[in-house]
Amino acid sequence: MASGQDRIPAKMTAIAISEPGGPRVLKPETRDVPVPGPGEILIRVRAAGINRPDVQQRKGVYPPPPGASDLPGLEASGEVAALGDEISRWRVGDRVCALTPGGGYAEYAKVHAGSVLPLPAGFTHTEAAAVPENYFTVWHNVFERGALKSGETLLVHGGSSGIGTTAIQLASAFGAHVVTTAGSQEKCDACLKLGADRAINYREEDFVAAVKDATGGKGANVILDMVGGDYVARNYEAAAVEGRIVQIATQSGAVASTDFSKMMAKRLTHTGSMLRPRTVEFKAAIAAALEAQVWPLLGTRKVAPVMDMIFPLKEAWRAHERMEDGDHIGKIVLDVG
Ligand SMILES: NC(=O)c1ccc[n+]([C@@H]2O[C@H](COP(=O)([O-])OP(=O)(O)OC[C@H]3O[C@@H](n4cnc5c(N)ncnc54)[C@H](OP(=O)(O)O)[C@@H]3O)[C@@H](O)[C@H]2O)c1
């Protein structure tokens, strides 16, 4: 038996995907409490973040990777409830947040210890649950893959999303200029408040022309794109010489046609990644970088998750409805109690 497991109930409430479909397929179920294996810890979940990939999983178009829980939920916060073998850093009762491979929408979740971080100083559980998925994703894609440097310009599409609000704040905190796109004036205003130098309402303004205008004709050094489709060709236009374009989703389509002479003329790099299927070692390396470089900024609230709405665990379907309505700004979180 894992250390601490004797005090844990055998059963828990979790939100399962009863069948692929709309928000109402998210239903409370009684499940066995997971038992942590070597290198894993069990978290008594207090709050769980909602992410767009959860919506995709619910619809049946983003299946969990092999070995991951079938329950939705890519991030959680709570207390360490039990330890598997080979854990030295954590103790039962520690307040933590974690990237979960699935299974965050539940009273208990088991995670690899390398994906666990302490609660940022002064954070509530609902705030901490809003951090892991977005901060791991932005850190890797903007700073490691995109190699954004101080003084450069980052273009963030979907600036009011969980990912976008994180990218705006982190890029500004590390000295970059930020230009962002969003679908309404209210969303643009929120992005400017977070530190964006320019926010483009893409429904009213051509983002390529606006980015050129904002950068004295040079273009963006790094572009974080979750749209794809016709944005691929337009990103090549909006990028600076030696620009890096990082694809993290393709909400407007995964197939695109583009003029590659732009890529050659500007010596562009177009890359991308998906966090969930990566190894536990890879995630542990990001966690270490975040703890060293970003946790101090969270502790002083120089950067912080933008909290949209909080729903009780059993009303996860309402949280998904809110995300799909598309009016949210920042993070939607489940209070697990
Ligand atoms: N690759 C990875 O490892 C990884 C990890 C996590 C998340 N993601 C992806 O990152 C994206 C953001 O995730 P999230 O959880 O932060 O979701 P979210 O808060 O729901 O954000 C989605 C955003 O996309 C924008 N959007 C949607 N369709 C669009 C379109 N056709 N054109 C332009 N903008 C569009 C929306 O803004 P407007 O209302 O302004 O259009 C919205 O702000 C998702 O696509 C998700 O799958 C990728």
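**Helix packing, pockets and a cavity**

User: How do the axes of helix 3 and helix 9 cross?
Analyst: The two axes come within 10 Å of each other and cross at roughly 85 degrees. Axes are lines fitted to C-alpha atoms, for helices over the stretch in contact, and angles run from 0 to 180 degrees between N-to-C directions. Helices (H or I, at least four residues) and strands (E, at least two) are DSSP runs, numbered from the N terminus.

User: What kind of model is this?
Analyst: It is a predicted model, in which local features need pLDDT of at least 70 and side-chain atom pairs count only at pLDDT 80 or more, while totals for chains, interfaces and linings use all residues. Residues are numbered from 1 along each chain as its sequence is written, and side-chain values use heavy atoms, with hydrogens and water left out.

User: Back to helix 3 and helix 9: roughly parallel or roughly perpendicular?
Analyst: Helix 3 and helix 9 are therefore roughly perpendicular. Angles under 35 degrees count as roughly parallel, over 145 as roughly antiparallel, 65 to 115 as roughly perpendicular and the rest as oblique.

User: Which residues make the contact?
Analyst: Helix 3 contributes Tyr135, Phe136, Trp139, His140 and Glu144, and helix 9 contributes Phe282, Lys283, Ile286, Ala287, Ala289, Leu290 and Gln293 (contact means heavy atoms within 4.5 Å). By class, the contact of helix 3 with helix 9 has eight nonpolar, two polar and two charged residues. Ala, Val, Leu, Ile, Met, Phe, Trp, Tyr, Cys and Pro count as nonpolar, Asp, Glu, Lys and Arg as charged, and the others, Gly among them, as polar.

User: At what angle do helix 3 and helix 4 pack?
Analyst: The angle is about 55 degrees, and the axes of helix 3 and helix 4 are 9 Å apart. That makes helix 3 oblique to helix 4. Asn134, Tyr135, Thr137, Val138 and Phe143 of helix 3 meet Gly162, Ile163, Thr166, Ala167, Leu170 and Ala171 of helix 4. This contact has seven nonpolar residues, four polar and no charged.

User: And how do helix 6 and helix 7 cross?
Analyst: The axes of helix 6 (residues 207-214) and helix 7 (residues 231-238) cross at roughly 20 degrees and come within 9 Å. The two helices are therefore roughly parallel. On helix 6 the contact involves Phe207, Val208, Val211 and Lys212, and on helix 7 Tyr231, Arg234, Asn235, Glu237 and Ala238. The contact of helix 6 with helix 7 comprises five nonpolar, one polar and three charged residues.

User: New topic. How much space lies in the largest pocket?
Analyst: The largest pocket holds about 1300 Å³. On a 1 Å grid over the protein atoms alone, a pocket is an open set of points with protein on both sides within 12 Å along at least five of seven lines, a cavity is a set where a 1.4 Å probe fits but cannot get out, and lining residues have an atom within 4 Å of a point. Of the 43 lining residues, Arg52, Met226, Ala249, Thr250 and Gln251 lie nearest the centre of the largest pocket. Helix 1 (52-59), helix 3 (132-145), helix 4 (162-173) and strand 9 (177-182) are the elements giving two or more residues to this lining. The lining has 16 nonpolar, 20 polar and seven charged residues.

User: What about the second largest pocket?
Analyst: About 500 Å³ of space lies there. Of its 29 lining residues, Gly67, Ala68, Ser69, Pro101 and Lys110 are the closest to the centre. Strand 2 (26-32), strand 6 (108-112) and helix 9 (280-293) each supply at least two lining residues. Strand 6 gives the largest share, five residues. The lining of the second largest pocket divides into 14 nonpolar, seven polar and eight charged residues.

User: Which residues line the largest cavity?
Analyst: They are Leu74, Leu99, Thr100, Pro101, Glu133, Leu275, Arg276 and Lys283. Four of these are nonpolar, one is polar and three are charged.

Methods: Grid points are joined across faces, edges and corners, and a volume is the space filled by probe spheres set on the points.
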